[in-house]
Amino acid sequence: MHAYYADHFVLPLPEGHRFPMAKYRLLRDLLAQQLPQVLLQVAPTAFDGELALAHTPGYIQAIASGTLPAAAQREIGFPWSEAMAERARRSVGASIAACRVALREGLAGNLAGGTHHAYADKGSGFCVFNDIAVAARLMQAERASDLDGGTGQPLRVAVIDLDVHQGNGTAHIFRSDASVFTLSLHGARNFPFRKEASDLDVELPDGCADDEYLHALEQALDTLDQRFAPGLVLYLAGADPHVGDRLGRLALSHDGLEARDRRVFDWAWQRRVPLAFTMAGGYGRDMADTLQAQLTTWRVAQQYHARWQNARP
């Protein structure tokens, strides 16, 4: 199974910054040690023309040139640097590459990504560019060019966003696009405090634990099934619904997170819909909790990837 990473582009963050940058390299190390069948590859960069499928030219140029105003940098949560700009492009490139492989093999993933708070013209909440939006639109463009000289129907994409925070940027970018279905299952009282309208929003109370969460997820997937038939799923497998997450406010156990992942991967497998996944958020009080949740996601994904390969002619 293909896995794309960009953790060697390290942001020079101030001492005491709350973003756990080290988790990306640590996750790659764990995958190399415990899941050696996962093919780890450096993420390609995303080019301006690809980013422009979801972002305004002025915003892309401001990130590239370092001319983003200080207030805009504060909203993102990262100070600008060349490494920050390149890492943002590579994070998008990782999701693009994972989508291309998933459409061939059934499953592939990004060791980072899930930057769903980024809007067309601004970043927010540790998200610079919206990898989900760019990847979805690029896959649609590439698939359209392969069908009937570009006259075929657009690839229909379902975004299943299970980060604990609502995917507000993704929802806003696709608000008038019937070819993309956005589903967000998130904490009702958590960031962002002004939420956008997804195609399906499921708001959960503080302290929501395994049974309530999994029941809500089952209902949400049933609704998705009734309303939309995707040709590609983009899954944001946030580790931040875990009970030990300092920004999460929910109370899922590791078993609950694994059951969540299995439900999503199985939903796509049963319908033979290719799926690309990203890690999205994870801010464990103990980083080991975040890494355990993410490693489990990859372990489950590897099992479903094997099913895809066994089913291929």
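## Helices H8 and H9

Helix H8 (residues 210-227) and helix H9 (residues 254-270) have axes that come within 10 Å and cross at roughly 10°. This is a predicted model. An angle under 35 degrees counts as roughly parallel, and H8 and H9 are therefore roughly parallel to each other. The crossing of H8 past H9 is right-handed.

On the H8 side, the residues that meet H9 are Asp210, Tyr213, Leu214, Leu217, Glu218, Leu221, Asp222, Leu224 and Asp225. H9 contributes Gly256, Ala259, Arg260, Arg263, Val264 and Trp267. Sorted by class, the contact of H8 with H9 has 8 nonpolar, 1 polar and 6 charged residues.

## Helices H1 and H10

Helix H1 (residues 23-34) packs with helix H10 (residues 287-311) at an angle of about 50°, and their axes are 10 Å apart. H1 and H10 are therefore oblique to each other. H1 passes H10 in a right-handed crossing.

From H1, the contact uses Lys23, Leu26, Leu27, Leu30, Leu31 and Gln34. From H10, the residues are Met287, Thr290, Leu291, Gln294, Leu295, Trp298 and Arg299. By class, the contact of H1 with H10 has 8 nonpolar, 3 polar and 2 charged residues.

## Cysteines

The disulfide count comes to 0, with a pair of cysteine sulfur atoms required to lie within 2.5 Å. Cys99 is in no disulfide, and the nearest cysteine sulfur, that of Cys127, is 16 Å away.

Cys99 has a relative accessible area of 1% and is buried. Cys208 also counts as buried, at 1% relative accessibility.

Methods: Residues numbered from 1 in each chain as written. Predicted model: local features only at pLDDT ≥ 70, side-chain atom pairs only at ≥ 80, totals over all residues. Heavy atoms only, no water. Axes fitted to C-alpha atoms, helices over the stretch in contact; angles between N-to-C directions. Helix = DSSP H or I, 4+ residues; strand = E, 2+ residues; numbered from the N terminus. Parallel < 35°, antiparallel > 145°, perpendicular 65-115°, else oblique. Left-handed = near helix turned anticlockwise from the far one by under 90°. Contact = heavy atoms within 4.5 Å. Nonpolar A, V, L, I, M, F, W, Y, C, P; charged D, E, K, R; others polar. Buried < 20%, exposed > 50% of the residue type's maximum accessible area, 1.4 Å probe, protein only.
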